[in-house]
Amino acid sequence: MAEGSAEKSVERTLGHLRTIDGPAPAPAPAAAPLTLEDLYRQHRMRLVRLAILLVDEPATAEDVVQEAFTGLYRNWGSLRDAAAAVGYLRTAVVNGSRSVLRRRKTAREYVPPHAVNARSAESLAMLSTEHQAVVSALGKLPPRQREVLVLRYYGGLSEAEISEAAGISKGTVKSTASRALEALQKAMASPN
């Protein structure tokens, strides 16, 4: 499988998931001030799905998103605008997911590894065989590579937005995406 076809498979799969989620919520009219409740209603599920793709556990993903909204509530007074709030939430979800993965890694060092949680039947039923292979291969990537691909192809973010959300330079985003697609190609090509 060529690197271009791996990229197309990732783009198709995560784009398919983005389509299932529906369009990104439109910003509220300028006349009505945006509230935390509005942000929660408009963005919570997309953020939960983003976190699920990063941490692979729905309950943990919901906790990560809840913590992000709690942090936003604490910093609500110092926010520039609604667009900054969405960026804050996305960055908080990525950072919270990283923390979860670091804690998991630490726990695994002290306790024998446990079996990976199986995906739900509903989530697998919604995906074609190719899409299932891509999601499975994503789970085998190192966390940063998975983050970059998920933010790019599921989140639909530009390199600059990924750089901001992940706290890495644009050059690192490009090189990480390239290495991730190459690793994904190899993972999808291997029979295991």
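1. E37 and R41 both belong to helix 2, which spans residues 36–55, and stand 4 residues apart, about one turn of the helix; helices here are DSSP runs of H or I with at least four residues, numbered from the N terminus. The two side chains form a salt bridge whose closest N and O atoms are 3.5 Å apart, the term denoting a side-chain nitrogen of Lys or Arg within 4 Å of a carboxyl oxygen of Asp or Glu. The model is a predicted one, in which local features need pLDDT of at least 70 and side-chain atom pairs count only at pLDDT 80 or more, while totals for chains, interfaces and linings use all residues. Residues are numbered from 1 along each chain as its sequence is written, and side-chain values use heavy atoms, with hydrogens and water left out.

2. R41 also meets D38 in a salt bridge, at 3.2 Å from N to O, and these two residues are 3 apart in helix 2, about one helical turn.

3. Across the whole structure the search finds 6 salt bridges, and one of them joins K174 to E159, with the closest N and O atoms 4.0 Å apart. Because K174 lies in helix 9 (residues 170–189) and E159 in helix 8 (residues 159–166), the pair ties together parts that are 15 residues apart in sequence. K174 is partly exposed at 49%, and E159 is likewise partly exposed at 34%.

4. Helix 2 packs against helix 3 (residues 58–74) at an angle of about 140°, their axes being 8 Å apart; axes are lines fitted to C-alpha atoms over the stretch in contact, and angles run from 0 to 180 degrees between N-to-C directions. The two helices are therefore oblique to each other, a class left over once angles under 35 degrees (roughly parallel), over 145 (roughly antiparallel) and 65 to 115 (roughly perpendicular) are set aside.

5. The contact (heavy atoms within 4.5 Å) includes L39, Y40, L47 and I52 from helix 2, and V65, F69 and L72 from helix 3. Its residues divide into 14 nonpolar, 2 polar and 2 charged, where Ala, Val, Leu, Ile, Met, Phe, Trp, Tyr, Cys and Pro count as nonpolar, Asp, Glu, Lys and Arg as charged, and the others, Gly among them, as polar.

Key
Buried means under 20% relative accessible area, exposed over 50%, partly exposed in between (1.4 Å probe, protein chains only).
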